[in-house]
Amino acid sequence: MNHPLTLWLGVIFTLAVLSYLVKDNALYRLAQKAAMGIGVGILAVQTWQQVLDPYWWTPIKTALTGGPASGLFWLLALIPGGLWYCQMSKKWFWVSQPVLGLFIGVAAGITFKTQILLILPQIGATLRPLNPWALPGGLPWDHFWENGNLWTVLDNAVFLLAFFTALFYFLFTIKADNRVTAGSRRFGRMMIMVALGAMFGNTAMTRMSFLIERMQFLFDFFAGLFQAK
Amino acid sequence: MYKNLAKAITFGAGLYYLLEFLLPAKIGGVANPFTECYGTVTIFLMVLGAMAFFLGPINLVRGEYKQFISFKKGWVESLVFLVALVMGIVTASFRSDDPSTATKFVKVMSVAYNGLFYGAQLGFYVTSMGLISFYLVSAAHRAFLLNTVESGLMMAAATIVMLGLTPAGDYLNQVILAILPAKLQWLQVGTVAQWILSTPNTAVQKAVIFGACGGAFAAGMRNWLSLERSMEQQ
Amino acid sequence: MKTLRILARFYHLNPRWLYLAFTIVLLIPLLVAIPKPEFKASRGPLGVYKVLDGCPPGGVILLDSSWDLGAKPESLSQLECFVNDLCRRKIKFVMFSTVFFGPIFAQDVIRPIAEASGYKYGEDWVDLGFLKPPNDNMSLLLDAFLRDIPGTRPVDFFGTPVKDIPIMRRVKTAKDFNMAMTISYAPDPAAWLGIGKSQHGMTVAFGSAAIMAPYYYAFLDSGQLSGLLAGNRGAYEYESLTGMYGLGSKAMMFFAFGLCFLIFAVLMGNLGFWASARLRSKS
């Protein structure tokens, strides 16, 4: 990874992409096409080496060279696998419907299972207690304001209010034509904006991490170059 | 007739997974047959999915080749794509993870592969993602106008969370700890940022999760029963 | 009036000047060493640390390192700090990936750490390589994988049959692992928490990009997720817990400067907009 070819190609492609900030230019477009071509080529080879060869071709090859004959059943996978390529023709596109339908059905079936398993614990966790005396330690009157349970319950109240108003905000079938529903929708929108603000902060961090990594790379490269000279 | 076959396969595939989930592991002392063949079915689907991969590259190559031989605007870029594709295929096919035992050709291919992957591709993709942070800054400068209560709330939450996630906020916390009395020390930027993430943000995310779950169920049901209009029209 | 004109100019600034200023601001931490202050780790990294506290030395964890080019900066620092801690605690791990280049990127990080800690490949750790989720549906893959690991992946990354690998004789299903850690741009909650946690009873923790972290707080709150490393900050907080500082802490000062500049840009943009509006109303 520290080979000069790797480093120089990295620098050239990094600067080519950064040149887009000034203006769209031919260098950027060439770099884009080159990266696309390299990626597609490598992925095609990896698909064969890491999936098709060990799981499909190896059992067939083993069966043909004296191994268990059950490996030959994998040859039948060529039929549905070949149907995919009918999508390249407008005239024969309809032939690929069964294999498309297979994956749609599989996705639907597994969705029911995973959504049920994912959402049931969420329902229990969403219903937080609002009674401070039901929490461990209760709420003794002599330490009313210092007691952590009071603030926990207030926090829970804010949480539940935010949850139900945000859920209500997305219910477009109910009209917001009175003060209660309009107010709920407004509060829900405010809570959604707070969540979006939190997401914006995290988004900025993720995007900056890429830029920081590249800047460190460029700095290390040019610092090494000048040191060597 | 053929359309009905596709619908029957869709229904059967979904039914297999539903029955595998709903039926117990043993039915009257007999093992659930759907569970027994689960691994083989998954590997079969993995192979079938991998066979579909080449559709994308084939279509790309067709488009770029047409562009190249037409010699119209952009033909040089199409040529670069095709050359890079061939280089990617050749280097990935002949490289080795253990260059010490490899021939000179394999060693050259390994060096070329590392250059193309770790140098060119990584450089391009990571920098492209990094470009977005520049656009974030310019968008924040021009478009992030605090002219309503909601936008003000959003910006306040974003500022507190951003400060709370960086050493700038940690420095601010130290100042707050030094200035404020003990009862108000929960006002540290980090604490408020964590509260924003744990309470209003979690509440809204849960509301979104519940809504999305309902939508996923509805969409899954429509797909399973082939009620989608796009599937009707095909 | 003059002040209003200067402020209004900020609003109509050519964005390229902003890009240049942003670049210069980000260069400052590269040139000047700024010490980082102390802080308390948040519940996400603390959760991961506590789960590992409950894992005995010699225990085995399942590590899913499914990241490549699109998530390298954040996931690399998370993987580094997590594997450092695993090796420190002498916890074994079985690694796999669901993206093509995942195993290669992961090995670039794991190999030097494992060798420095005296870990032997095959006995203390193993890389099962790439497993392709059928139709990119992680739930399908994970469901089959966690029921029968050798059946779903009969060879490791190097082609060695798993029956010949010592560590794989101990682990056949999800029940044999003390925890599962998945480091990815956006780990799939339906797969890991629906299948892994709810169906197989695994203890699950995520390492994700910061952009996805607010979404996973809902699962952290419900207890489905035991820990969360969110972006570089998550790696940095985890490094502070273990005392082994690496890539996570290296990047933090850049974020401080970059995000402060972002906040400054928003404030100047708003001041400029207000000044433009005032100038228009006065003229």
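In this predicted model, 33 residues of chain A are in contact with 42 residues of chain C, two residues being in contact if their C-beta atoms, placed from the backbone, lie within 7 Å. On chain A, the side that touches chain C draws at least two residues from each of α2 (26-64), α4 (97-126) and α6 (179-228). Of these helices, α6(A) gives the largest share, 15 residues. Helices (H or I, at least four residues) and strands (E, at least two) are DSSP runs, numbered from the N terminus.

Chain C contains twelve helices and six strands. Its C-alpha atoms fill a box of roughly 80 × 40 × 35 Å along the principal axes. Chain C is divided into domain 1 (2-35 + 254-282) and domain 2 (43-250), with bounds from an automatic or database domain assignment. The centres of these two domains of chain C, taken over C-alpha atoms, are separated by 41 Å.

Of the 283 residues in chain C, 56% are buried, that is, 20 or more other C-beta atoms lie within 10 Å of their own, with C-beta atoms placed from the backbone. Among contacts in chain C between residues at least 6 apart in sequence, 75% join residues at least 24 apart.

Residues are numbered from 1 along each chain as its sequence is written, and chains are lettered from A and ligands numbered from 1 in the order in which they are written. As the model is predicted, local features need pLDDT of at least 70 and side-chain atom pairs count only at pLDDT 80 or more, while totals for chains, interfaces and linings use all residues.

How values were computed:
Buried ≥ 20, exposed ≤ 12 C-beta atoms within 10 Å, placed from the backbone.
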